[in-house]
Amino acid sequence: MSADNGRRVRRSRREVPAGPDNATPRHGSAFTRLRRTSGLSFLDSRRPSGQLTLFGAVRGELRKILSLRSTWVLLLIVMLLQPLSTGLMACVTRVLAGPGRQTNHLPDHLLPASGDVFRSAIASGLFPATVVGGILGVLVLTREFSGATIESTLTANPRRGMVLMAKGLALALLTWLAAQIGLLLSWILATLLLSGGSGALPAYKPGLVLIDLLGGPLMVVLFALMALGLGAVSRSKAGGIGLFLGLTVILPLILGLLAGLVPHADWLQIPFSLTPTSLLSTFLSGLGQAAGAGIGWWPTWWQSGLIMMVWTALCCALGTLVFRRADIG
């Protein structure tokens, strides 16, 4: 009985006519022709669903970085340190230029200043801004190691090189915006406090305007990216900040002390001129200091910018190598 039922079921299945499959579009249908259009095929081939892209990684890193309160605090410090330093230097210049002037009347009188004083007042805020930007660069990566969130980041995006590149691009964008706004505020403040009108800056060279306004924030970005690479090497907040401060503050100090204490050590001027802090000073001066630097070679402003880019590239390359090969734990 069961064998007869099985034969009937098989016979009934063979006798069922194969109708058109409406769920799957057939060749030549309107849906197939629509998919053949150039626009949709381009989107389908270049942007498949769920594919990891650098733009998406950068957008995710921006959301992650801006969600932290410490990021906003450090960016505000980078932006406000520059006009604060410019204002202090401008006030000191006005007081020294007029010993009998009362400090409470300083905003009512504008003091003409030379181009060197004007430029120094603007560029003075970039030095502390590079330090704060470097600290932010270290924290962008190392706080994920300390907070044990790096595993979630690498689970969402296992391409470690792309993760580090996305962090670098997001860091560069935020640091550049903060430094650029701060430098523009410094420029306006220095113009109000130190400029006495048109022609008040006879010694000022027009080329330094572009170097300070455009090159200054880019140097802050290079310092921040260099700190990001050092943070990837150490993978700890204290270690990354220590490496960054040792390279930018302690190393120039040691070389300067040795050059002053050790006799016949003029050759130390060359490694001193190649330190990141000295490169920043030479770049912002806009001139080559070889004539007044003493014995030895001294880079010009554009050579200082290129050497600083080499510093940043080396630190980022070393950090990428360690970050891609080291175990996360």
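This is a predicted model: local features need pLDDT of at least 70, side-chain atom pairs count only at pLDDT 80 or more; totals for chains, interfaces and linings use all residues.
I began with a definition: angles under 35 degrees count as roughly parallel, over 145 as roughly antiparallel, 65 to 115 as roughly perpendicular and the rest as oblique. I number residues from 1 along each chain as its sequence is written, and side-chain values use heavy atoms, with hydrogens and water left out.

**Entry 1: the whole chain**

I looked up the secondary structure and found 14 helices and zero strands. Helices (H or I, at least four residues) and strands (E, at least two) are DSSP runs, numbered from the N terminus. I then asked how much of the chain is buried, meaning under 20% relative accessible area, with exposed over 50% and partly exposed in between (1.4 Å probe, protein chains only). Buried residues come to 39% of the 329 residues. I also checked contacts, which are heavy atoms within 4.5 Å. Of the contacts with a separation of 6 or more, 77% join residues 24 or more positions apart.

**Entry 2: H7 against H9**

Two packed helices are described by the angle between their axes and the distance between the axes. The axes are lines fitted to C-alpha atoms, for helices over the stretch in contact, and the angles run from 0 to 180 degrees between N-to-C directions. For H7 (residues 126-146) and H9 (residues 160-194), I found axes that come within 11 Å and cross at roughly 155°. H7 and H9 are therefore roughly antiparallel to each other. On the H7 side I noted Leu126, Leu136, Gly137, Val140, Leu141 and Glu144, and on the H9 side Leu164, Lys167, Leu171, Thr175 and Leu183. I sorted these residues into seven nonpolar, two polar and two charged. For that sorting, Ala, Val, Leu, Ile, Met, Phe, Trp, Tyr, Cys and Pro count as nonpolar, Asp, Glu, Lys and Arg as charged, and the others, Gly among them, as polar.

**Entry 3: H7 against H13**

I stayed with H7 and turned to H13, where the axes are 11 Å apart and the angle is about 140°. That makes H7 oblique to H13. Which residues of H7 and H13 meet? I found Leu126, Phe127 and Thr130 in H7 against Thr277, Leu280, Ser281 and Leu284 in H13. This contact divides into four nonpolar, three polar and no charged residues.

**Entry 4: aromatic pairs**

I looked for rings of Phe, Tyr and Trp (its six-membered ring) with centres within 6.5 Å; planes under 30 degrees apart count as stacked, over 60 as edge-to-face and the rest as tilted. The structure holds three such pairs, and I wrote up two of them here. Phe145 and Phe323 are edge-to-face, at 6.3 Å centre to centre with 85° between the planes. Phe145 sits in H7 and Phe323 in H14 (residues 301-325), 178 residues apart. Both Phe145 and Phe323 are buried.

Phe272 and Trp298 form a tilted pair, 6.4 Å centre to centre with 50° between the planes. Phe272 lies in H12 (residues 269-273), and Trp298 in the loop between H13 (276-285) and H14. Phe272 is partly exposed at 28% relative accessible area, whereas Trp298 counts as buried at 10%.

**Entry 5: a loop asparagine**

Last, I checked Asn157, in the loop between H8 (150-156) and H9. Is Asn157 buried or exposed? Asn157 is buried, with a relative accessible area of 8%. Leaving aside neighbours within four places in sequence, Asn157 is in contact with Leu52, Ala57, Met162 and Val163.
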